[in-house]
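Please read it alongside the sequence and the structure shown here.

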Amino acid sequence: MAKKKQIELTIEEKLQNALVPKEEQPYKIPSNWCWIRLENIAEWGSGGTPSRKRKEYYNGNIPWIKTGELNNGYIFNSEEKITELGLKNSSAKLYPINTVIIAMYGATIGKVGILSIEATTNQACACAIVYKNILFKYVFHYLIYQKEAFINKSKGGAQPNLSQEIIKKHEIPLPPIKEQQRIVNRIESLFAKLDRAKELIENTLAQFEQNKMAILHKAFTGELTAKWRKENNIDLSSWEKIKLGKVLLPMQTKKPTGQFFRYIDIDAIDNKRQIVKAPKLILTEKAPSRASRGVETGNILFSMVRPYLKNIAQIDSDLSDCIASTGFYVCRCKPELNSRFLYYLFIFDKTIDYLMQFMKGDNSPSIRKDDLLNMKIDLPTIEEQQEIVNILDNLLAKYNKIKNLEQQLEKIELLKKAILAKAFRGELGTNNPDEESAENLLKEILAEK
């Protein structure tokens, strides 16, 4: 039986098929823009992974990009390279310079990159060779703007994924080509200023951390209180090396009661400032099974999961009614250990470095409570501990304003999001309504497809 001859659509028919129906358009855009789908702005593809069993497929000279290498910027190299044989015998494809890549799997979903080299990718990357009538940088910035939307469209639990078809059906506002260029120029000009401010803040914070660790080093080697010991006619021999567990009381179990309870989990910790930023108010009937650690004023919370993240905090009187997650070891100090002294000891990098050697597990590397309790510490007398705490509190108090710069970093990221939101709504003040409609640009693209 002969096949039916495929009916060739007119340009107008192709245009109507490409345009997003009004009822599906995410928001209002200028009249000379149009809503289309990402499938109409690029030739899309993905990658592949050559067999790991074949050594001859690897250590070649062809860059092979994985999602962890997407940096929301240009990609100049790759961690691994494959051979011509590996390329030929896998589903990997070689993509040209200026290809836009977006991650489709796991925690990196929505991360974007631009190839500044010819490269291949693994199958977790969606690759867009943007049509010549559209600026690839315009598409790149729009994909960054849509990261949260892509995350929300992903499926799966522990390992979420985003299909290429979902990406291709996603909407994108299309302005005239000259407006695309103006938008890109404006975004990059504003971002350059914000990135410079961010760099200055990060350098200041890095210097602060370096100074802070130097002070803590002096504190826990006895240098900080050398004068105090001399005035009190004692020496370093008064310090005792002891296992931490010897100066801690057992943890307390506490179950939620009443209609609601306040819960401190790992997410409730500000690990930049080592404080509890906001306990969660939870219905008791929906209490997580991990909500069973009692806390009291002065207790120190130390996260056993990924200790290098420094999810550490001291409980103040306003938090004493909370219940903490079993992900924390709740340190209740005996009279011979000053809880504030222990807090400073925990945030000291040398302490964290020591504990990291005991981490086990791949997804959530953790230490055991015995690793913490068996850690040997150099313990001064309770009087010298208090003197160390007094000095540290005074020295580090002046850095509080510097630490507040971290909030400025958050504001910079919010400003970037606001700039992108305005850019892709035509609200940057760059649009010229008299310019030819983007629909004509779309017709050109459709005619060449």
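Helices (H or I, at least four residues) and strands (E, at least two) are DSSP runs, and they are numbered from the N terminus. With that numbering, Arg306 falls in the loop between strand 18 (300-303) and strand 19 (312-314). The model is predicted.

**The largest pocket**

- The largest pocket holds about 620 Å³ of space.
- Its lining consists of 22 residues, and those nearest the centre are Asn72, Ile144, Phe191, Lys416 and Leu420.
- By class, the lining of the largest pocket comprises 10 charged, eight nonpolar and four polar residues.
- At least two lining residues come from each of strand 4 (73-75), helix 3 (136-145), helix 4 (147-153), helix 6 (177-221) and helix 13 (405-423).
- Two of the residues that lie nearest the centre of the pocket, Phe191 and Lys416, also interact with each other: the charged end of Lys416 sits over the ring of Phe191, 5.1 Å from the ring centre.

- Helix 8 (residues 339-347) is largely enclosed by the rest of the structure, because eight of its nine residues are buried.
- The buried residues of helix 8 are Ser339, Phe341, Leu342, Tyr343, Tyr344, Leu345, Phe346 and Ile347.
- The N-terminal end of helix 8 is capped by Asn338, which places a side-chain oxygen 2.8 Å from the backbone nitrogen of Arg340.
- Arg340 and Glu13 are 327 residues apart along the chain, and their C-alpha atoms are separated by 72 Å.

**Aromatic pairs and charges over rings**

- The structure contains 13 aromatic pairs.
- Tyr74 is partly exposed at 30% relative accessibility, whereas Phe76 is exposed, with a relative accessible area of 61%.
- Phe220 and Phe348 also form a tilted pair, with 5.6 Å from centre to centre and 40° between the planes.
- Phe220 belongs to helix 6 and Phe348 to the loop between helix 8 and helix 9 (349-356), so this pair ties together parts that are 128 residues apart in sequence.
- Both partners of this pair are buried: the relative accessible area is 9% for Phe220 and 8% for Phe348.
- One aromatic cluster is formed by Tyr138, Tyr142, Tyr145 and Phe424.
- The charged end of Arg425 sits over the ring of Tyr27, at 3.9 Å from the ring centre.

- Thr67 is placed in the loop between strand 3 (58-65) and strand 4.
- Thr67 is buried, with a relative accessible area of 12%, and its side chain makes a polar contact of 3.2 Å with the side chain of Thr108.
- Glu13 is part of helix 1 (residues 11-18).
- The side chain of Glu13 reaches the backbone nitrogen of Thr10 at 2.9 Å.
- With a relative accessible area of 39%, Glu13 is partly exposed.

**Positive phi values in loops**

- Most residues other than glycine have a negative phi.
- Asn233 has a positive phi, near 55°, and is placed in the loop between helix 7 (226-231) and strand 11 (240-243).
- Asn233 counts as exposed, at 71% relative accessibility.
- Arg306 likewise has a positive phi, near 45°.
- Arg306 counts as partly exposed, at 26% relative accessibility.

**A position in strand 12**

- Leu248 lies in strand 12 (residues 248-249) and is buried, with a relative accessible area of 6%.
- Leu248 and Glu336 are 88 residues apart in sequence, while their C-alpha atoms are 9.3 Å apart in space.

Definitions and conventions
Residues numbered from 1 in each chain as written. Predicted model: local features only at pLDDT ≥ 70, side-chain atom pairs only at ≥ 80, totals over all residues. Heavy atoms only, no water. 1 Å grid on protein atoms, 1.4 Å probe; cavity = no way out; pocket = protein on both sides within 12 Å on 5 of 7 lines; lining within 4 Å. Points joined across faces, edges and corners; volume = space filled by probe spheres on them. Nonpolar A, V, L, I, M, F, W, Y, C, P; charged D, E, K, R; others polar. Buried < 20%, exposed > 50% of the residue type's maximum accessible area, 1.4 Å probe, protein only. Polar contact = N/O pair within 3.5 Å; in protein donor to acceptor, adjacent residues only side chain to side chain. Phe/Tyr/Trp six-rings, centres within 6.5 Å; stacked < 30°, edge-to-face > 60°. Lys NZ or Arg CZ within 6 Å of the ring centre and 35° of its normal.
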